[in-house]
Amino acid sequence: MTVGASGADGAHGADLPGTGVPGTGVPGAGAPGTGAGGTGAGGGGVRARVRTRDGWAVQHAVLTVTDMTGNQVLRAEADDEGFVRSAEPLPAGPYTVIATAVGYAPAASTAMVTASGRADLGTLVLARQGGVELPPPGTWTIDPMHSTVAASAQHLGMTSVHGRFTEFGGRIEIAQDSEKSSVEAVIKAESINTGNDMRDQHLRSGDFLNIETYPDITYRSTGVDVAGPDRWTVHGQLGMHGVVRDVDLDLTYLGTGPDPWGGVRASFRATAELRRSDFAMNYNQVLQAGIAAVGTTLRVDLDIQAVQGDSLPF
């Protein structure tokens with residue numbers, strides 16, 4: 001599997017050496033004049049927001065601040081939106097900040113409190129425990145009820161039309177040597193849903209997916225490469241509309257944890273970009289201004305939950 005960089009990695013603040021966690025509290029981090037929590041610029045204390053790698057708030061994360069001698073000077077809890085706001089000014093100087101939350105790996109950074117007694121830490125990103133390496137070796141079954149296979153295309157050269165496939169399944173095999181891991185998936189082409197019945201019928205026709213002749217869209221991996229400390233690239237072959245092409249997935253592994261049914265789940269996010277012409281879908285309507293009604297490229301976004309084992313709990 002590929003673990004790709006999350007959008008949250010572009011959060012405010014500098015990277016902490018050796019951890020890759022954004023938000024070190026360098027003076028000026030976060031939005032000018034607002035702080036991490038959108039509060040005013042006045043007053044002292046610490047401002048921060050705690051997020052997952054894919055941008056969700058980490059509710060009730062705990063921020064612990066110690067001085068350079070190791071003495072704890074502040075302990076504050078994030079609210080339901082993941083914001084930490086403390087009002088008590090701190091003496092100017094450097095501090096160590098540790099963000100913790102149940103189910104997440106701790107993240108440490110250095111904060112510099114200014115003469116105002118305040119430190120704006122920007123966004124602190126917490127990774128699920130075990131979220132950098134791949135899940136435990138073995139078979140993992142994709143859960144379509146808690147996964148999304150979506151695609152979007154530009155419309156009229158201005159906005160995007162979004163759709164998703166509602167029927168799909170697949171299996172992930174995690175190997176001891178992670179680079180030998182593999183994935184296979186099948187998507188039912190007729191399950192395309194863009195929220196407009198007329199458009200969906202057109203997409204199912206011979207102009208696009210041609211579901212009568214090609215009912216399935218398939219993906220089979222051919223290899224896995226490490227693309228960075230928390231990034232993977234899955235090489236594979238996508239079969240669609242009677243054409244098979246090499247397609248790489250840039251995928252983020254978001255972590256592993258228990259589910260309410262007594263099982264273990266792993267979560268992934270993946271993206272890819274396709275050219276319609278590569279799959280013999282050349283239909284287009286060109287407007288008088290020379291603008292194509294439908295864009296020539298598709299963006300694919302996958303949010304996948306997989307259950308450990310070769311079957312689903314329901």
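Arg 118 is buried, with a relative accessible area of 5% (buried means under 20% relative accessible area, exposed over 50% and partly exposed in between, for a 1.4 Å probe and protein chains only). The model is predicted: local features need pLDDT of at least 70, side-chain atom pairs count only at pLDDT 80 or more, and totals for chains, interfaces and linings use all residues. Residues are numbered from 1 along each chain as its sequence is written, and side-chain values use heavy atoms, with hydrogens and water left out.

Arg 118 lies in strand β7, residues 118-126 (strands are DSSP runs of E with at least two residues, numbered from the N terminus). Its side chain makes a polar contact of 3.0 Å with the side chain of Asp 120. A polar contact is a pair of N or O atoms within 3.5 Å; within protein, one must be able to donate a hydrogen and the other to accept it, and residues adjacent in sequence count only if both atoms are side-chain atoms.

Arg 275 belongs to strand β17, residues 264-275. Leaving aside residues up to four places away in sequence, Arg 275 touches Thr 296 and Thr 297 (contact means heavy atoms within 4.5 Å). Arg 275 and Thr 297 are 22 residues apart in sequence, yet their C-alpha atoms are 4.4 Å apart.

An open sheet of 4 strands has the order β3-β2-β5-β6, with antiparallel pairing (two strands pair if DSSP finds at least two bridges between them). Its edge strands, β3 (72-77) and β6 (107-113), each pair on one side only. Strand β5, residues 93-100, is joined to β6 by 7 bridges. Ala 99 has Ala 107 in β6 as its bridge partner.
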